[in-house]
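I have a new structure open today and I want to find my way around it. These are my notes as I go.

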Amino acid sequence: MPIRAWRFKSSSAHMFFEFIFLVILIVTFLLLCLWVLSGYFSKSLFTEIPYSSLEPLREELQLKNGDIFCHLGCGDGRVLFYLSDQNLDVQYVGIEDNLFSYWVASIHNKWNKVIGKKTIKIIYKNLMEKDLSFATHIFSYLPPQIIDDILPRLDEELRPKTKLFSLSFKFTLKKPTKEISFNNKNYKRLRKIFVYEF
Ligand SMILES: C[S@@+](CC[C@H](N)C(=O)[O-])C[C@H]1O[C@@H](n2cnc3c(N)ncnc32)[C@H](O)[C@@H]1O
């Protein structure tokens with residue numbers, strides 16, 4: 001190959017890789033901005049639930065066919081995806097108002113559909129504005145200022161015998177019917193689930 005043509009080829013390959021690098025940098029920057037901004041507009045920042053807390057939850061839930069499980073503030077949907085792996089005819093619904101987390105959960109959900117796994121329903125909404133009377137089981141990992149705010153509505157709206165499972169946090173004005181303690185080596189704060197019956 002003549003030297004001039006080779007030089008042209010190698011410099012255009014160089015420009016192509018520079019372009020790809022720039023695109024990756026811009027996308028990463030935009031995702032970071034979206035994460036920070038959506039956390040700013042949501043009431044609480046995303047704090048992930050470690051997988052080690054999920055098995056005790058699954059055991060305690062004892063879901064059966066026909067149940068409707070709802071996760072308030074479902075983040076990246078990990079609780080819903082974990083539970084939906086059971087071969088049960090249960091509907092799994094998540095409510096999330098952080099756009100970034102909602103997108104992560106939605107993309108995961110679409111992927112599950114592509115590979116033929118069970119899908120869940122993710123609702124992008126402020127949980128304070130969503131009617132929750134459809135649920136038979138509710139799970140939350142939300143700080144007291146949020147669950148206390150929603151308690152009057154839950155009392156009014158939930159069907160009798162609906163159970164709510166709260167990881168780590170208790171309602172100020174409602175007594176749990178049960179407290180489950182489990183061993184969570186690396187997460188001392190996440191060793192309790194409070195169960196409430198409405
Ligand atoms: C402590 S994080 C738990 C994250 C999630 N459970 C997980 O690990 O997959 C609380 C979640 O609740 C969401 N959240 C807080 N207030 C909310 C509201 N009013 N409506 C909907 N989601 C809310 C936050 O955006 C956050 O993702």
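What follows is what I looked up, one topic per entry.

**Entry 1: the overall count**

First thing to write down: I'm looking at a predicted model. I looked up the secondary structure of the protein chain and got five helices and seven strands. Reading from the N terminus, I noted the order α-α-β-α-β-α-β-β-α-β-β-β. I also checked burial: of the 198 residues of the chain, 27% count as buried. Then I looked at contacts between residues at least 6 apart in sequence, and 66% of those join residues at least 24 apart.

**Entry 2: the sheet**

In what order do the seven strands sit in the sheet? I get S3-S2-S1-S4-S5-S7-S6, an open sheet with mixed pairing. The edge strands are S3 (121–124) and S6 (178–181), and each of them pairs on one side only. From one strand to the next, the twist averages 20°.

A reminder to myself from class: strands of a sheet pair through backbone hydrogen bonds, and they can be parallel or antiparallel.

I started at S3, which runs parallel to S2 and is joined to it by four bridges. One pair I picked out here is Val 93 with its bridge partner Lys 121 in S3. To get from S2 to S3, the chain goes through helix H4 (residues 99–114), and this β-α-β crossover is right-handed.

Ile 68 has Gln 91 in S2 as its bridge partner. S1, helix H3 (residues 78–83) and S2 together make another β-α-β unit, and I noted it as right-handed.

**Entry 3: a stop at Leu 72**

Leu 72 lies in strand S1. Is it buried or exposed? I found 24 C-beta neighbours inside 10 Å, and the cut-off for buried is 20 or more, so Leu 72 counts as buried. I then looked up its contacts, skipping neighbours within four places in sequence: Ile 95, Leu 127, Ile 138, Ser 140 and Leu 142. I also checked Val 93, which is 21 residues from Leu 72 along the chain, and their C-alpha atoms are separated by 8.7 Å.

**Entry 4: S4 and its two partners**

S1 (residues 68–72) and S4 run parallel and share four bridges. Leu 72 came up again here, standing opposite Ser 140 in S4. On S4 (residues 137–140) I looked at both faces: His 137 and Phe 139 are on one side, Ile 138 and Ser 140 on the other, and all are buried.

S4 also pairs with S5 (residues 163–167), again parallel and with four bridges. Phe 139 has Phe 165 in S5 as its bridge partner. The chain gets from S4 to S5 by way of H5, in a right-handed β-α-β crossover.

Which way do S5 and S7 run, parallel or antiparallel? They run antiparallel, with five bridges joining S5 to S7 (residues 192–197). Ser 166 stands opposite Phe 194 in S7. I also found H2 packing on the sheet, where it touches S4, S5, S6 and S7, and its direction makes about 25° with that of S7.

**Entry 7**

I did a quick length check on H5 (residues 144–157). At 1.5 Å a residue, its 14 residues should span 20 Å; the end C-alpha atoms are 19 Å apart, so that agrees. Still, H5 bends by about 40° at Leu 151, and a proline, Pro 152, follows within four residues.

**Entry 5: two positive phi values**

Gln 62 has phi near 45°, and its place is in the loop between helix H2 (54–61) and S1. It has 9 other C-beta atoms within 10 Å; exposed needs 12 or fewer, so Gln 62 is exposed.

Lys 161 is not a glycine either, and its phi is about 80°. Lys 161 sits in the loop between H5 and S5. With 8 C-beta neighbours inside 10 Å, Lys 161 counts as exposed too.

Key:
Residues numbered from 1 in each chain as written. Predicted model: local features only at pLDDT ≥ 70, side-chain atom pairs only at ≥ 80, totals over all residues. Expected span 1.5 Å × (residues − 1). Bend = angle between axes of the 7 residues up to and from the residue. Pairing = 2+ DSSP bridges. Right-handed = clockwise from strand over helix to strand, strands pointing away. Axes fitted to C-alpha atoms, helices over the stretch in contact; angles between N-to-C directions. Contact = placed C-beta atoms within 7 Å.
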